[in-house]
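Hi everyone, thanks for coming. Please have the sequence and the picture open while I talk, and we'll walk through a few spots together.

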Amino acid sequence: MRRKKQQTIFKKLVVSIIILVLFQAILYPAAFFISGFAKKTEANAMDILGERVETCKVYMEREMIYRWSRLSASEEAIQALVDGVITENEASYEDIKTDAQLNQAVLFAVAEEVLSLLRQNAVTSAFIVLDGNAVATNANTEEKAAIYLRDMDPTSQPKSNEDVYLERGPAEISSMLGVTIDNYWTPYFTIQSQEANTGHDFFYKPITAVKAKSAGSKAVAEDFGYWSPNFILNRQDSIKALTYTIPLLAPDGKPYGVLGIGMAHSYIDSLLDYQDLLEENTGVYMMGLLQENSFTPVFINGASYKDYYTDYSSISLTRREEDIYELTPVKAVAAPLWASVQNYQLYSSNSPYAEDNWVLMGAINKNKLLEFSHSLVKLLIALTVIVIVTGLGIAILTSKILVQPVIELVQELRQSNPNSKIRLKKTGIEEIDKLTHAIETMSESVAESASKISQIVELTGTSFGVFEMNREKNTVFCSEGLLQLLGWEDVVLKNSCMPVLLFEKKIDSLSVYYYDYTSHIYRLPHKQTGFRWIRINTTQTSDVYIGTVTDISREMNEKLKMEYDNSYDSLTDVMNRRAFKENLEELFEKPQHLGVACMVMWDLDNLKYVNDNFGHVYGDQYICALANCLKEFIYYNGFVCRRSGDEFLTFLYGYSTKEEVEVVLDTVWQRICQATVALPDNTKLKVRVSAGVAWYPQDTQNLADLQRYADFAMYDGKHNKKGVLMYFNQELYKDNSLLINGAEKLNQLIEEKLVRFAMQPIVSVKDAGIYGYEMLMRPQMPEFKSPMDVLRIARTQSKLYQIERLTYFEGLRTFSNQMKDRSDAHTFKIFVNSIANESFSVLDFEELEKEFGAYLPQVVMELTESEPLNTALTKTKRAFIRKYNGLIALDDYGSGYNSESTLLFVAPDIIKLDMELVRNVNIDTRKQTLISNIVSYAKSRGILVLAEGVESYSEMYSLIELGADYLQGYYIGKPAFAPTELDKNVAEEISYAYEQQNLQGENLF
């Protein structure tokens, strides 16, 4: 019985110790796999591959779209040259098909432009192929007139053209251009029929696409640009090239040839450096066309490609990850290629070739790609097995030396903490104390085994910690370094453990640092670096929780930096247009989150003034001052974007009412009104901005319309009064189609000077003679009904300066032309309207003096009082007029909002009473009183008074009676495109009224 009892105790001890060893040995490997570390390393390898391929793709795409294929300028130049040849030879574009002599003339005319295209676009070849015979005596339509120039090293551009070879074209062109004739030269291009040779798609596809376009639609050559993958000019030298061609279009839209460039495959291969993919130089770069799950390679760079495939035939693909595909090999290999596939955006969605899906692949052997991850897993498994075997051996050996079972000792062992070193009480009995010592030794061995696994994890270069929470025992075991990772420096562990309640409290305190709930990522404060990124993963079995804590600062910092650089404006530190659009498009996919929202378009006022007068450094500070104010929207659930140089967009969403949003808008608006920029002259310039607001969903539920409406509201505000926050008005929007669509028409009016100036006489009351003429603009385009329409569009397009220049130069030119034969031309004043917040440059003033210097003393500069005055610009214009003893008139006096202050600042020579004051002045006593006060004030300061808009005898008589010095209006004389004389009857009426006024004045005394 005693022997049986000893055997039972032995078994219990052995089983207990084995469980302890296994638990300690498996803890770290389990945490390792639970955390997904192996998957993470695999994902990192694929991400790195994808990033390298994407970087190469972005570079190639930029070269192909923005450098190699920029043919519009060359196409326009060639078209002009061909037009000249056609005209000179009294031919038509139809003659190109049959007239070889005409084609030769065309080739000689455009040869230098083709050479220029080769140099400017840095391509290996440039060519033009006409759809017409090259040889007059040969009826073979396959022999096309053409020029083909080749330079296999476009990066080198010597002063001479000896490195350029003439491959196709008349031999005389070689001496004309100073280029070399190649060994395989022929004088023409042999183009077989489209059915016979698909290798000539570079020629046929653009031409066929143009012919297939919708009837009546205007063809633009670049809309039919085509990338042809495998073009071989000479079978002898077998130089493959990628070509890009656009059709050459006659004035009637019919194609008569193609213009194109070529990039030799060998040169493109030099741009796709496969050595960037893997240190062992076993990677492969491939570029070609992708159709569903089939890839047809065009370029291949990488010697290891031959280990998998025999030729350039199509390759089958199988998707493994988001952008990672497995390529099916033709040859027997141990592991296939895995490739990152990146799509080029070479064609727009409206292109005839939009279905041609060009891609760039970077491929690596699967085992090589995942080599580090697999090696790490194998190493961890091997070391775990060693630790388990060692621990089990120690457990069995220790159990065998037990002398006899002691129930108290077993109970003590059961109550001990398996996660820490075991310490047993001494009994004073030699045999039992030996057993105690053996158990303690075994516990230390297990701890050392766990420490070894910790060291293994440290070798991976990852800061790593684990914890185990046992609710039944009310303890949480924490690995070495866990507290440091979590920043719990105030926590003291006992035997590497802490109470469950304290642990849960500390974990809950981390919730304020949550960054990504789905991935359990936290952004914790850190003394040295400011903050640290960690990921916490957990798993539960019964009442036991096991978790891992991993430092992911490096990968998060790299990810965030890349996201930031791609999404934010470098000057203002706010979103760029792309990031703003992407965020809003994603938000609008979940309209339930939008609530009441608004889009605001902001446009800086006076930026041109700051740049012109203080330099672009202060202009940038002016832009940043507004951006810093707008960033406050971010704290109110908003997005901020710099749309262009001086334009910004903001979007607020998630509110319950418009009133809540308006409170936020008012808060930020007040901050903007207080913002200033320090200028180099020690003054401070206030930030002025105009803004337009459109509401969601009240105005529209469409994102594009919302932005367009905000844009309209902003420009409407700039038109009415700069520096205001204007809300969108649907009815006003419908009534202002010219404001929305008139930009092109305004450009045409300015460029072609489509205006005339009518001359309206201004009459002196004192002598009833013509004092001068006001030059009144009359637009010569049906879209503009009046000068106000022109000013309205010019204001929204920031082109008031161009209108100011057009008014002065064309107005004075009209006066000069109309008065050139009159001896009294220099007796008349020339009234010219001036926009209050615009002025000329120094060069403009010099040009004005040179052309119209003789008339400048006669000029009366009219400042429209309803326009806000720009103090600095007004001083500049006033100084120029005073230099020639010219006069200043304050126009529309009485219609504005700062009449008295403007009058004091401008100090005009003449006040022009607004027609609203003049209308019915004969029967309106209030107007009579107001005009009388104005006249009295003006007379006391030597200012003359001119009444405009006089339309009846009664109005004229009352104005003379009130003391007006000059008269203007339809009753006095209508505007005409030639100077008119004053009607004799009107002159007599003016003289009579003036005499009556003087008689009344004499009677008063």
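Which residue does the side chain of Arg-805 meet in a salt bridge? The partner is Glu-847, with 2.9 Å from N to O. A salt bridge here is a side-chain nitrogen of Lys or Arg within 4 Å of a carboxyl oxygen of Asp or Glu. Arg-805 lies in helix 24 (residues 800-819) and Glu-847 in helix 25 (residues 842-852), so this pair ties together parts that are 42 residues apart in sequence. Helices (H or I, at least four residues) and strands (E, at least two) are DSSP runs, numbered from the N terminus.

A word on where this comes from. This is a predicted model, in which local features need pLDDT of at least 70 and side-chain atom pairs count only at pLDDT 80 or more, while totals for chains, interfaces and linings use all residues. Residues are numbered from 1 along each chain as its sequence is written, and side-chain values use heavy atoms, with hydrogens and water left out.

Back to our pair. Arg-805 is partly exposed at 24% relative accessibility, and Glu-847 is partly exposed too, at 34%. The cut-offs are these: buried means under 20% relative accessible area, exposed over 50%, and partly exposed in between (1.4 Å probe, protein chains only). Arg-805 also lies over the face of Phe-809, at 4.3 Å from the ring centre. For a charge to sit over a ring, NZ of Lys or CZ of Arg must be within 6 Å of the ring centre and within 35 degrees of the ring normal.

Phe-809 brings us to the aromatic rings. It belongs to a cluster linked by ring pairs, together with Tyr-808, Phe-840, Phe-845, Phe-852, Phe-880 and Tyr-884. Rings of Phe, Tyr and Trp (its six-membered ring) pair if their centres lie within 6.5 Å; planes under 30 degrees apart count as stacked, over 60 as edge-to-face and the rest as tilted. By that rule there are 38 aromatic pairs. Take Phe-467 and Phe-503: their ring centres are 4.9 Å apart and their planes are at 50°, so the pair is tilted. Phe-467 sits in strand 15 (residues 464-470) and Phe-503 in helix 13, so parts 36 residues apart in sequence are tied together. Phe-467 is buried at 5% relative accessibility, and Phe-503 is buried at 4%.

How many salt bridges does a search of the whole structure find? The count is 37. One of them joins Lys-506 and Asp-490, at 3.5 Å from N to O. Lys-506 is in helix 13 (residues 500-509) and Asp-490 in the loop between helix 12 (482-486) and strand 17 (497-499), so the pair ties together parts that are 16 residues apart in sequence. Lys-506 is buried, with 16% relative accessible area, whereas Asp-490 is exposed at 60%.

Last stop, helix 18. Its buried residues are Val-661, Val-664, Leu-665, Val-668, Trp-669 and Ile-672. Seen down the axis of helix 18, the buried residues fall within an arc of 135°, so they line one face of the helix. That arc is taken from the directions from the helix axis to the C-beta atoms. On the face turned away from the buried side you'll find the exposed residues Glu-659, Val-663 and Gln-674. Do have a look at both faces on your screen!
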